[in-house]
Amino acid sequence: MKTGSFRSCFRGQGIEFDSVREYERGDDIRSIDWNVTARTGKAFVKQYREEREMSVFLIVDGSLSMQTGSRTCSRWAKAQEVAALLAFAAELNSSPVGLVVFDGEPGVPLSPAGGKDRILTILASLEHHACEREGSALGGAIAGCSRILRSRSMVIIVSDFRTSEYERPLGVLSRRHDVVAVRITAPSDSALPSAGYLPFQDPESGLRASLPTGSPVFAAAWEKENAESVQRWERICLKRGASPLCVSVEEDSVRVLSSFFSGRRTRGDPV
């Protein structure tokens, strides 16, 4: 797996004062050193040494709804792949990595630590997770992450986000940490095969229903509901201070992650 192309996303925003230089057009006026400016009569800005080590914490959804997806790849398999890629990228950048896998319970977190042994532990936790509890404790997992992380970290949530009551914990987490929300999607989210009435079952509640997949009206409503759901989720993330990213089970995870994190750095977003 090629992780080097986006490993730089785990370099922290500089917070350690290094030196000053003369102000240049386009500099953030908030970085002006007013003491030096007053002494010299020229505007100077503070420069900071970038933190090269930033802890990374992965919150991964292992609930029953993640067992859905496509014929070739489930959401859970894609979540495992995304989490593994991010863990390897962090390790290549010498960033401590932590993990919690949740389902109907928040899960037991692994605090961030460095080294290959930690990566192997994370991979084993992802591989051996067996969902045994109904429901999704996403809010509880996010709240637990807020309690254990002491210094500013990058927190990456990998989930289908098919739950509620996570908005407030997400906002609390984002106030102290750089949060990325990765939504795992599948083609069936927006379009079902036209095959007449088909039986469906909600993996979380067990609710069963027969849906008229051959109906153009139903197909249009299904597509519209998914589009609106994704838009609502994106608005929630942005409102609460998290960066949203959708990754389909059919997409190349490396390409999508590389493009996303490269774009953040180019835009100057906190990384």
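Analyst: Gladly! Let's start with helix 6, which has 25 residues and reaches 36 Å from its first C-alpha to its last, close to the 36 Å expected at 1.5 Å a residue. The expected span is 1.5 Å times one less than the number of residues. Please keep in mind that this is a predicted model, in which local features need pLDDT of at least 70 and side-chain atom pairs count only at pLDDT 80 or more, while totals for chains, interfaces and linings use all residues. Residues are numbered from 1 along each chain as its sequence is written, and side-chain values use heavy atoms, with hydrogens and water left out.

User: Why is helix 5 called oblique to helix 6?

Analyst: Two packed helices are described by the angle between their axes and the distance between the axes. Helix 5 (residues 167-176) and helix 6 (residues 216-240) pack at about 40°, with axes 8 Å apart. That angle makes helix 5 oblique to helix 6, since under 35 degrees counts as roughly parallel, over 145 as roughly antiparallel, 65 to 115 as roughly perpendicular and the rest as oblique. The axes are lines fitted to C-alpha atoms over the stretch in contact, and the angles run from 0 to 180 degrees between N-to-C directions.

User: Which residues of helix 5 and helix 6 meet?

Analyst: Glu 167, Arg 168, Leu 170, Gly 171 and Ser 174 of helix 5 meet Ile 236, Cys 237 and Arg 240 of helix 6, where contact means heavy atoms within 4.5 Å. By class, three of these residues are nonpolar, two polar and three charged. Ala, Val, Leu, Ile, Met, Phe, Trp, Tyr, Cys and Pro count as nonpolar, Asp, Glu, Lys and Arg as charged, and the others, Gly among them, as polar.

User: How do you know that helix 2 and helix 3 are roughly antiparallel?

Analyst: Helix 2 and helix 3 (residues 116-128) pack at about 175°, with their axes 10 Å apart. The two helices are therefore roughly antiparallel to each other. Residues making the contact include Trp 76, Ala 83 and Phe 88 of helix 2, and Ile 119, Leu 123 and Leu 126 of helix 3. By class, the contact has nine nonpolar, one polar and three charged residues.

User: What makes helix 2 largely enclosed?

Analyst: The count of buried residues: 13 of its 18 residues are buried, so the rest of the structure largely encloses helix 2. Buried means under 20% relative accessible area, exposed over 50% and partly exposed in between (1.4 Å probe, protein chains only). Across the 271 residues of the protein, 42% count as buried.

User: Is Ser 94 buried or exposed?

Analyst: Ser 94 has a relative accessible area of 53%, so it is exposed. Ser 94 lies in the loop between helix 2 (75-92) and strand 4, and it has a positive phi of about 60° although it is not a glycine.

User: And is Phe 161 buried or exposed?

Analyst: Phe 161 has a relative accessible area of 6%, so it is buried. This residue sits in the loop between strand 6 and helix 5, and its phi, near 55°, is positive in a residue other than glycine. Phe 161 also forms one aromatic cluster with Tyr 166 and Trp 233. Trp 233 is among the buried residues of helix 6.

User: Why is the pair of Phe 218 and Trp 222 called tilted?

Analyst: A pair of aromatic rings is described by the distance of the centres and the angle of the planes. The structure holds four aromatic pairs. In this one the ring centres are 5.7 Å apart and the planes at 40°, so the pair is tilted. Rings of Phe, Tyr and Trp (its six-membered ring) pair if their centres lie within 6.5 Å; planes under 30 degrees apart count as stacked, over 60 as edge-to-face and the rest as tilted. Being four residues apart in helix 6, Phe 218 and Trp 222 are separated by about one helical turn.

User: Why does Trp 222 count as partly exposed?

Analyst: Its relative accessibility is 28%, so Trp 222 counts as partly exposed. Ser 151, at 45%, also counts as partly exposed.
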